[in-house]
Amino acid sequence: LVSSGVPKWDLHGLSEATSCMLLADAFLSIIDFSGKHESPSFKDIIVVTGKGLNTDGPDGPVLRERVPKFLHEVAGLVTSAVEGNEGRFIITAESLQQWASSTKYGHFKILFDNITSS
């Protein structure tokens, strides 16, 4: 989905594990694809987790809090809240650019490759 020219990735209905793996693969693919061009360009990306209002289970809503935590603590990506909508967060183009040129990206790529090749 695209909203106001900004890609929007909707994770409604997905498990925490699936959401994290899909995002990890998508961000690594973006960096890999961009690295094949002379002047890579990145865009802001809005990630929709939902507010968790329809979540069943003892843990309550999990995506809203755990997905940004995964991206920050495991991948090293910086996420920002979308003001006025607690069921969304944004990863800015600047954040992606910084991540792509950091050692955090390289470490995460190795970790992800090890997980997916097992």
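**Group meeting: helix packing, hairpin and core**

Okay, let me start with a pair of helices: H2 and H4 pack at an angle of about 105°, and their axes are 9 Å apart. Anything from 65 to 115 degrees counts as roughly perpendicular, so that's what we call H2 and H4 relative to each other. Who makes the contact? On the H2 side you've got Phe70, Val74 and Ala75, and on the H4 side Lys104, Phe108 and Leu111. Before I go on, keep in mind that this is a predicted model.

The protein has four helices and five strands, and starting at the N terminus the order reads β-β-α-β-α-β-β-α-α. Of its 118 residues, 32% count as buried. If you take contacts between residues at least 6 apart in sequence, 64% of them join residues at least 24 apart.

Now the strands, with E5 as the one to follow. E3 and E5 run antiparallel, with four bridges joining them, and in that pairing Ile45 stands opposite Ile91 of E5. E4, residues 80–82, is also antiparallel to E5, this time through three bridges. There, Ser80 has Ile90 as its bridge partner. The E4–E5 hairpin has two residues between the strands, and in this hairpin Gly84 takes a positive phi near 85°.

On to the core. The largest nonpolar core has 24 residues, and those with the most contacts inside it are Phe27, Val67, Leu71, Ile91, Leu96, Trp99 and Phe108. Which elements give two or more residues to it? Those are helix H1 (16–35), strand E3 (45–48), helix H2 (63–75), strand E5 (85–91), helix H3 (93–100) and helix H4 (103–116). H1 gives the most, with six residues.

Leaving out its neighbours within four places in sequence, Ile91 is in contact with Phe27, Lys43, Asp44, Ile45, Val47, Leu71, Leu77, Val78, Thr79 and Leu96. Among those partners, Phe27, Leu71 and Leu96 are also on the list of residues with the most contacts inside the core.

Last stop, H3. Its buried residues include Ala93, Ser95, Leu96 and Trp99. Why do they end up on the same side of H3? Because they cover an arc of only 160° around the axis. And two of them, Leu96 and Trp99, bring us back to that most-contacts list for the core.

That's it from me, happy to take questions.

Conventions. Residues are numbered from 1 along each chain as its sequence is written. This is a predicted model: local features need pLDDT of at least 70, side-chain atom pairs count only at pLDDT 80 or more; totals for chains, interfaces and linings use all residues. Side-chain values use heavy atoms; hydrogens and water are left out. A nonpolar core is a set of buried Ala, Val, Leu, Ile, Met, Phe, Trp, Tyr and Cys residues joined through side-chain atoms within 4.5 Å. Buried means under 20% relative accessible area, exposed over 50%, partly exposed in between (1.4 Å probe, protein chains only). Contact means heavy atoms within 4.5 Å. Two strands pair if DSSP finds at least two bridges between them. The arc is that of the directions from the helix axis to the C-beta atoms. Axes are lines fitted to C-alpha atoms, for helices over the stretch in contact, and angles run from 0 to 180 degrees between N-to-C directions. Angles under 35 degrees count as roughly parallel, over 145 as roughly antiparallel, 65 to 115 as roughly perpendicular and the rest as oblique.
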